[in-house]
Amino acid sequence: MTDSTRRYGHQDPDPQQPFGWPAPPAQPPQAPVTTPGGATVWPGGGSGGAGDGGGYAGFAQPAPVPAPEPGGRRRGRARGPIGLVAACALVAALAGGGAAALVGEFTGGSGSTSRSTPVENASSKLSGVSAVAQAVSPSIVEIKATTGQGQSTGSGVIVTGDGEVVTNNHVVAGADTVQVSLSDGSTRTAKVVGTDPAKDLALIKIQGASGLKAAKFGDSSKLRVGDQVVAIGSPEGLTGTVTSGIVSALNRDVTVAKEQGNQDQGQDQGRGRNGRGLPQWPFEFGGNQYNGDTGSSKTTYKAIQTDASLNPGNSGGALINMSGEIIGINSAMYAPASGSASGDSAGSVGLGFAIPVNTVKADLAKLRAGGTNS
């Protein structure tokens with residue numbers, strides 16, 4: 001074996017060889033690049049689609065030819081970390097473009113990133129009891145009815161924008177003057193339009209009113225035991241008080257007095273005629289009398305029972321479902337006598353009753369016509 005005397009670089013062909021050596025390439029061939037995700041990207045080979053000869057992802061443009069260095073030598077392609085970072089950046093850009101296209105496809109857009117979808121701050125929205133209270137409170141009023149015997153305090157529900165208000169008959173029965181306090185703090189004079197003692201309902205009209213927010217009536221026939229409810233009224237004169245609970249029972253037979261003489265006009269101020277602190281919402285339930293004597297002239301109606309806290313002053317206020325609809329007019333509650341075995345002071349013990357709103361809707365035409373005193 002003999003040593004080769006072949007020289008590198010450009011040279012004349014060996015006289016003994018039929019062909020000369022080819023010239024070296026302008027630059028070394030590009031090597032494949034492995035991305036951080038483990039994918040191998042080959043240079044050239046087209047876009048990687050079917051039929052382009054290889055099915056690999058390719059670079060968008062060939063690498064630029066480096067400028068010749070002094071002395072005729074060419075500078076080689078950058079290798080190592082710099083070249084790898086550039087290749088990874090290109091792959092990331094391609095992947096990002098594909099993700100944008102997918103988002104555009106699923107959202108029905110063109111894939112452009114110049115248009116953004118507005119996002120609402122969910123934490124700024126009210127929900128549950130707070131949303132119901134905010135929506136319905138402007139439709140609830142406080143009522144103070146004055147008679148020769150004193151003053152009765154209760155609540156009412158605005159049913160028309162021009163000032164019609166539904167309340168309990170026992171709140172305004174025999175009243176000489178009626179004052180209504182709105183949720184904005186203003187006070188207006190009202191007159192009694194009609195009463196129905198048999199249903200313990202009454203309709204009053206705020207004088208000179210317009211643009212008031214009327215409550216929305218629901219359907220009490222759709223109530224189920226366990227449904228969550230909200231009560232709004234003015235217990236003890238605390239206007240706009242909100243409590244919540246559930247529907248405890250349906251179709252309870254509640255008996256109340258029909259005649260004015262059987263009801264102390266101070267009844268919703270929380271003091272009874274016996275001076276023991278009994279709130280005067282006299283009613284009968286299950287054969288027993290609560291909160292005073294109902295007298296001999298009585299009426300019985302089917303009521304919604306609730307454990308939402310009701311106190312003197314809630315009479316005539318609203319019982320509301322979680323859709324913000326009125327489903328009852330609060331009318332009676334039981335509170336233990338001061339010093340009794342049930343408690344040391346009068347207050348709600350979760351036994352309250354409301355007149356179903358379907359009864360109210362059926363009675364409105366009669367109340368607007370003046371109602372009845374029988």
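Reader: In which order do the strands of the closed barrel run?

Author: In this predicted model, the barrel is closed and is built from 6 strands with antiparallel pairing. Neighbouring strands of this sheet are turned against each other by 40° on average, direction ignored. Helix α4, residues 357-368, packs on the sheet and touches β5, β7 and β8, its direction making about 60° with that of β8. The order of the strands in the barrel is β3-β4-β5-β8-β7-β6.

Reader: Which residue in β5 is the bridge partner of Ile158?

Author: Strand β4, residues 150-158, and strand β5, residues 164-167, run antiparallel and are joined by 2 bridges. On its way to β8, which also runs antiparallel to it, β5 is joined by 4 bridges, and there Glu164 has Lys205 of β8 as its bridge partner. For Ile158, the bridge partner in β5 is Val165.

Reader: How many bridges join β7 to β8?

Author: These two strands form a hairpin with 4 residues between them, and one of the pairs across it sets Ala190 opposite Ile206 in β8. Strand β8 is mostly covered, since 5 of its 6 residues are buried. The strands β7 and β8 run antiparallel, and the number of bridges that join them is 6.

Reader: Is Asn251 buried or exposed?

Author: Asn251 is another non-glycine residue with a positive phi, here of about 60°, and it lies in strand β10, which spans residues 241-257. The cut-off for an exposed residue is a relative accessible area over 50%. Because its relative accessibility is 56%, Asn251 counts as exposed.

Reader: Which residues have the most contacts inside the largest nonpolar core?

Author: In soluble globular proteins, nonpolar side chains tend to be buried together. Here the largest such core has 29 residues, and its largest share, 4 residues, comes from α4. Beyond its neighbours within four places in sequence, Val166 is in contact with residues including Val157, Leu203, Ile329, Val360 and Leu364. The residues with the most contacts inside this core are Val166, Ile320 and Ile326.

Reader: Which residue of β15 does Ile320 stand opposite?

Author: Strand β14, residues 318-321, pairs with β15 in the antiparallel sense over 3 bridges. The two strands form a hairpin with 4 residues between them, where Gly324 takes a positive phi near 80°. Across this pairing, the residue that stands opposite Ile320 is Ile326.

Reader: Why is strand β15 largely enclosed by the rest of the structure?

Author: On one pairing, β15 is joined with strand β16, residues 352-356, in the antiparallel sense over 5 bridges, and Ile329 has Ile355 of β16 as its bridge partner. A residue counts as buried only when its relative accessible area is under 20%. Strand β15, residues 326-333, is described as largely enclosed because the number of its residues that are buried is 8 of 8.

Definitions and conventions: Residues numbered from 1 in each chain as written. Predicted model: local features only at pLDDT ≥ 70, side-chain atom pairs only at ≥ 80, totals over all residues. Heavy atoms only, no water. Buried < 20%, exposed > 50% of the residue type's maximum accessible area, 1.4 Å probe, protein only. Pairing = 2+ DSSP bridges. Axes fitted to C-alpha atoms, helices over the stretch in contact; angles between N-to-C directions. Contact = heavy atoms within 4.5 Å. Core = buried A, V, L, I, M, F, W, Y, C linked by side-chain atoms within 4.5 Å.
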